[in-house]
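Thanks for coming. Please have the sequence and the model open while I talk.

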Amino acid sequence: MSALPRVEAAGLILDPATYLAPMEGVTDRSFRSLVLEQNPGAVGAACTEFLRVAQHPIAAERIALELGDPVPGVAVGVQLMGNDPAVVAETARRAVAVGAAFVDLNFGCPAPKVFQHCAGSALLGEPELLGELVRATVDAAGVPVTAKIRAGIEHDREVEEIARRVEQAGAVLLTVHGRLRTERYTLPTDWSRIRRAVDAVSIPVIGNGSAESPADIDRMMEETGCAGVMVGRAAIGNPWIFAAWRARRLGEAAPPPPDAIAWLREYETRMLAGGAQPRQALGRLKQAAKAMGNAGTLRFSDRTQLLRSQDAAAYFAILKQENQPNASKLDTGSPK
Ligand SMILES: Cc1cc2nc3c(=O)[nH]c(=O)nc-3n(C[C@H](O)[C@H](O)[C@H](O)COP(=O)(O)O)c2cc1C
């Protein structure tokens, strides 16, 4: 395999061309910083979970808190979701003032509450307003503006038109989650929709949806022609997926099996240091362990017992019973 692909889009550089997906309730700054640090040279971009912009611009302090500290070598942006161009634009200006490397606009969220308020994926059905939002943000931000779309609401007939609308309004990069709004998060994603968006625009397209392994990242690029790949849920089950992809792509030896329990302990430490309540942190730890169990990163025979644990001490005791450091059965994705 060749050297790592990179994306350069009017001042926004993804080097390499991989992107940790924003996931509300998962990729807070603790999770994000840990993934970015533990995949050195393997993730080119990340952004905050969506920040819902309603009637008033979001305070700069809140945006700064969501953004966290910069991570060298990684472009970290702020994702905004709203439907009032002036309010979104002002929030974008504030995001840039607190260090956002780029501003991403969310046109993909399928949640009914969001949809009813004409935000997220609902804007796929309002192309003019979608264009106005991108344009107003571009005019205000002074940093690259990007957009993340789904392939459509109930059908994919307009994926090209939406992609072109995003480009014409001045976005420098487009992420296409290949599912429809009605498909929510079910598998598999129809990657031909990503290919159609790639063919419709000249800005770089990041493909997203169902990249489950390091090999899938390369396959998505090959099959769709996308410039880079965004990985979502697979990075919860395997937070080292990007490093494994990097090694695979460079033909290097697979990284040593990571210590998943140490990762979870560090995750907890960062959450608590960031002000999370212990109960809240425990909820996130259980969520992560569940995904790691499904991915084979961690072993635990009694899932119910783990999910019922009342505090972090009980949780880690259960995990330690069956997992020795560096004993995870992770598929590193290196060439066999
Ligand atoms: C729990 C969860 C929260 C999500 N939150 C966001 C979000 O805040 N912003 C966004 O653009 N997409 C969000 N997504 C969608 C993901 O970014 C991604 O597009 C989707 O999971 C498909 O990628 P995957 O198949 O690699 O998981 C979320 C997905 C999940 C599962």
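The mean pLDDT of the chain is 94, and 96% of its residues reach 70 or more. pLDDT is the predictor's confidence in each residue, from 0 to 100. This is a predicted model, so to read it: local features need pLDDT of at least 70, side-chain atom pairs count only at pLDDT 80 or more, and totals for chains, interfaces and linings use all residues. Residues are numbered from 1 along each chain as its sequence is written.

One stretch to treat separately is residues 327–336, where pLDDT stays under 50. The model has 30 contacts beyond four places in sequence for that stretch. Two residues are in contact if their C-beta atoms, placed from the backbone, lie within 7 Å.

Next, the ligand. Which residues are the closest to the ligand? They are Ala 21, Met 23, Phe 50, Gly 232 and Arg 233, out of 22 residues that surround the ligand. A residue is near a molecule if its C-beta atom, placed from the backbone, lies within 6 Å of it. The shell around the ligand divides into 9 nonpolar, 9 polar and 4 charged residues. Here Ala, Val, Leu, Ile, Met, Phe, Trp, Tyr, Cys and Pro count as nonpolar, Asp, Glu, Lys and Arg as charged, and the others, Gly among them, as polar.

Now the backbone. Most residues other than glycine have a negative phi, and most peptide bonds are trans. Ala 10, in the loop between strand E1 (7–9) and E2, has a positive phi of about 45° although it is not a glycine. The peptide bond from Asp 15 to Pro 16 is cis, with omega near 10°. Pro 16 sits in the loop between strand E2 (12–14) and strand E3 (18–20). Strands (E, at least two residues) and helices (H or I, at least four) are DSSP runs, numbered from the N terminus.

Axes are lines fitted to C-alpha atoms, for helices over the stretch in contact, and angles run from 0 to 180 degrees between N-to-C directions. Angles under 35 degrees count as roughly parallel, over 145 as roughly antiparallel, 65 to 115 as roughly perpendicular and the rest as oblique.

Helix H5 (residues 127–141) packs against helix H6 (residues 159–168) at an angle of about 30°, with axes 8 Å apart. H5 and H6 are therefore roughly parallel to each other. In that contact, Pro 127, Leu 130, Gly 131 and Val 134 of H5 meet Glu 161, Ile 162, Arg 165, Val 166 and Gln 168 of H6. The contact of H5 with H6 has 5 nonpolar, 2 polar and 2 charged residues.

For helix H8 (residues 214–224) and helix H10 (residues 241–250), the angle is about 65° and the axes are 8 Å apart. That makes H8 roughly perpendicular to H10. Pro 214, Ile 217 and Asp 218 in H8 meet residues of H10 including Trp 245 and Arg 248. The contact of H8 with H10 has 5 nonpolar, no polar and 3 charged residues.

Last, the axes of helix H11 (residues 260–273) and helix H12 (residues 278–295) come within 10 Å and cross at roughly 155°. That makes H11 roughly antiparallel to H12. The contact of H11 with H12 has 11 nonpolar, no polar and 2 charged residues.
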